[in-house]
Structure formats: structure tokens, C-alpha cells
Amino acid sequence: MFPGGNLLEVLWSFRFSIRFFLLASAFAHIVILAVGCGSSPGGNPNINPTTPSITPHTQKTYSTSFPHSENPISEQGNWINGGIVGLDWSNVQTVPGLAFGTVVSGGPPYNDSTAVLAGTWASNQMAQAAVHTVNQNSAIFEEVQLRLRTTVTAHSITGYEFYFQCTADGSRHAQIVRWNGPLNNFTLLDDATGPGLHSGDVIAATVVGDKLTSYVNGVPIIQAKDSTYSAGSPGIGFYNQRGTLAGNNDFGLTNFSAAEIAPK
């Protein structure tokens, strides 16, 4: 999604702009076993991220390494897609070991490929994923995204997007954006140049109360405050502008985990 609200002149300027962090104890072991830390395709064995101070919550977690070929992603009905349900956006697809987008966006419309987990989730939540990125090109806007407190219904997506541009040449960018419902209606909350992304890097996001934080390899890179939404689900998204459909699988996520966070 091309962040920055409804002002298209602002949108263009803004567009240019943990291995997994472990939550602790029991959930740390769940993530290692279910997602396969240390064995994801394109992994970086030198990454040893710090651990954000997050209290594990045992009521609800979800982990996947995208074992099936699905378009759109379903995993036995666990995912809600932006095309099938949201109608105005696009779906996420998978091949074994990789989730990626299904469209090239015009910017506008910013019809990002979007999928969020089904069911009811606690307000405080986190998501994390390992990144796949090859053939990087700063002339193409390739984004991998995490979603928190996100709700997808017909002609509406609300919630928070944490996006990371798939470049490492100085053009990289990262933002936290609030989606307000209708297509192309969103608000930039904060942005940063970001550390850049390589295959195997781990992106993560948390929302606790009104505090939203994004991470790369366990290091916080952006923090914003917003209390507009208190409900919704974790999820993923992808944005490709100026690229090709054939290049959609040049960037994506090789696994994904989400969990509720217990209040302190």
C-alpha cells in the first residue's frame, strides 16, 4: 500500500519514502518447532536478534511455513483474503515454503494483496515472519507487510499495516500505516529509512495498548501511537508497483507466526 492518507501528492513522496525473535519460554519453543528457525529458505545464519520484552500469552498462537500450493491462501479456512472477502483488494497465494502477492498495483489503486487470520484475537498481539527477497530493484516498489488488529469485510479493510521495502541499497523504507476502511483510504503514522532487507531477515510487529512497534531482526525500527482500533487479527500483505506478475514471487514470506500478548 502506498501510505499517506487521501492526498495523492503526499502518497508519492512517502512511497519512496526476529532469524525469529522469540517471545520466551513455551511460545519460543512453539515458534522454533512450527516455523523451523534456522532452516528457512535463504536464511542468514549470522543473525542473532535481541529479544523484545514481550510476555507470552498461551491462549492463541498461529504458526505456518506455508506447506501447500494455494491461491488464495486458506490453510483449512484459517485465512481471510482481501480479494475474496474484501473485494476491492487482492488475495495472497502460496507455494510450499513461500507466500506472495497476486497483482501488480497501479498506485492508485493501492489494492495490496492481503490476508488475515480468521477468528477472534485479543487486542494486544504480535506477528513475525522471515523474508524472501531476490533480484532487488529500487525502481520497483516491492513490500512485505505484517498486519495487526486488521478486519476485512466487503469493501473495507481496517487496522494497522507494518510495511518493509525489499531493498538494501539505500532506497529502503519502512512505515506504520493505519487503514481506515475504503480502498485508498489510509493514514501514515510514522516512517523510517529502515535497515534494508535480505533473504532470511525477520520482520516483526507488536501492538500493545496504543503503542505500535516494528522490528527487523529483533531491533525496533519504528514506534507509533494510535488508539483507533482495538480489535482485529494478525495477517500479511504484499505490494508490487512497477514490477511484473512474474516477479511477484521474487519477494515474499517463507513463514509466519502470530500470538496474543498478555497485558503486563
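**Figure 1. The largest nonpolar core of the predicted model.** This core holds 36 residues. Among its members, V144, L146, F162, I203, I236, L253 and F256 touch the most others. Strand 15 (residues 251–261) gives the largest share, four residues. Apart from this core lies another, of 11 residues, including Y110, F141, V152 and L188. A nonpolar core is a set of buried Ala, Val, Leu, Ile, Met, Phe, Trp, Tyr and Cys residues joined through side-chain atoms within 4.5 Å. Buried means under 20% relative accessible area, exposed over 50%, and partly exposed in between (1.4 Å probe, protein chains only). In soluble globular proteins, nonpolar side chains tend to be buried together. The structure is a predicted model: local features need pLDDT of at least 70, side-chain atom pairs count only at pLDDT 80 or more, and totals for chains, interfaces and linings use all residues. Residues are numbered from 1 along each chain as its sequence is written, and side-chain values use heavy atoms, with hydrogens and water left out.

**Figure 2. Contacts of I236.** Contact means heavy atoms within 4.5 Å. Neighbours within four places in sequence are left aside. I236 then touches F66, W79, V92, A99, S113, T114, A115, Q145, L146, R147, L253 and F256.

Figure 3. Strand 5 covers residues 113–117. Strands (E, at least two residues) and helices (H or I, at least four) are DSSP runs, numbered from the N terminus. Five of the five residues of strand 5 are buried, so this strand is largely enclosed by the rest of the structure. S113, A115 and L117 point one way, and T114 and V116 the other way. In a regular strand the side chains alternate between the two faces of the sheet. Strand 2 (residues 79–81) pairs with strand 5 in the antiparallel sense over three bridges. Two strands pair if DSSP finds at least two bridges between them. W79 stands opposite L117. Strand 14 (residues 233–241) also runs antiparallel to strand 5, joined by four bridges. Here A115 stands opposite I236.

**Figure 4. Q125 in strand 6.** Strand 6 spans residues 125–133 and includes Q125. Q125 is buried, with a relative accessible area of 0%. A polar atom of the Q125 side chain lies 2.7 Å from the backbone oxygen of A122.

How values were computed: A polar contact is a pair of N or O atoms within 3.5 Å; within protein, one must be able to donate a hydrogen and the other to accept it, and residues adjacent in sequence count only if both atoms are side-chain atoms.
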